[in-house]
Amino acid sequence: MTDKLIPCPFCGASAHRGLFKKQGCSLHGDAVQYVRVYCSNPSCPAKPSILGGDIYCGKEEAIQEAIKIWNTRLTTTNGA
Ligand SMILES: [Zn+2]
């Protein structure tokens with residue numbers, strides 16, 4: 001387990017982590033929150049951004065999932 005985010009592979013800026021609210025839970029009328037990891041550079045050419053699991057499944061797990069998706073997806077985009 002780690003909470004280290006690799007830098008953006010497109011511009012080298014550090015990655016930020018935050019929460020992303022997504023509308024559309026028709027059962028409760030509440031917005032569902034996801035953990036979002038994104039490039040912190042507003043002028044990044046690629047602006048990568050990923051969403052992890054929704055935090056109602058467990059906030060820590062959702063954060064870990066988002067970190068894992070960010071780190072693994074960005075390191076396997078070279079066809080590896
Ligand atoms: Zn970037």
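Two strands count as paired if DSSP finds at least two bridges between them. In this predicted model, strand 2 (residues 32-39) and strand 3 are joined by 4 bridges and run antiparallel.

- Looking at residues, V37 has I50 in strand 3 as its bridge partner.

**S40, in the loop**
- S40 lies in the loop between strand 2 and strand 3.
- S40 counts as partly exposed because it has 14 C-beta neighbours inside 10 Å, while a buried residue would need 20 or more.
- Leaving out residues up to four places away in sequence, S40 touches A13, S14, A15 and H16.
- S40 and C11 are 29 residues apart along the chain, and their C-alpha atoms are separated by 9.8 Å.

**K47, in the loop**
- K47 also has its place in the loop between strand 2 and strand 3.
- The backbone is worth a look here: K47 isn't a glycine, yet its phi is positive, at about 45 degrees.
- For context, most residues other than glycine have a negative phi.
- With 13 other C-beta atoms within 10 Å, K47 is partly exposed; the exposed class takes 12 or fewer.

Conventions: Residues are numbered from 1 along each chain as its sequence is written. This is a predicted model: local features need pLDDT of at least 70, side-chain atom pairs count only at pLDDT 80 or more; totals for chains, interfaces and linings use all residues. Helices (H or I, at least four residues) and strands (E, at least two) are DSSP runs, numbered from the N terminus. Two residues are in contact if their C-beta atoms, placed from the backbone, lie within 7 Å.
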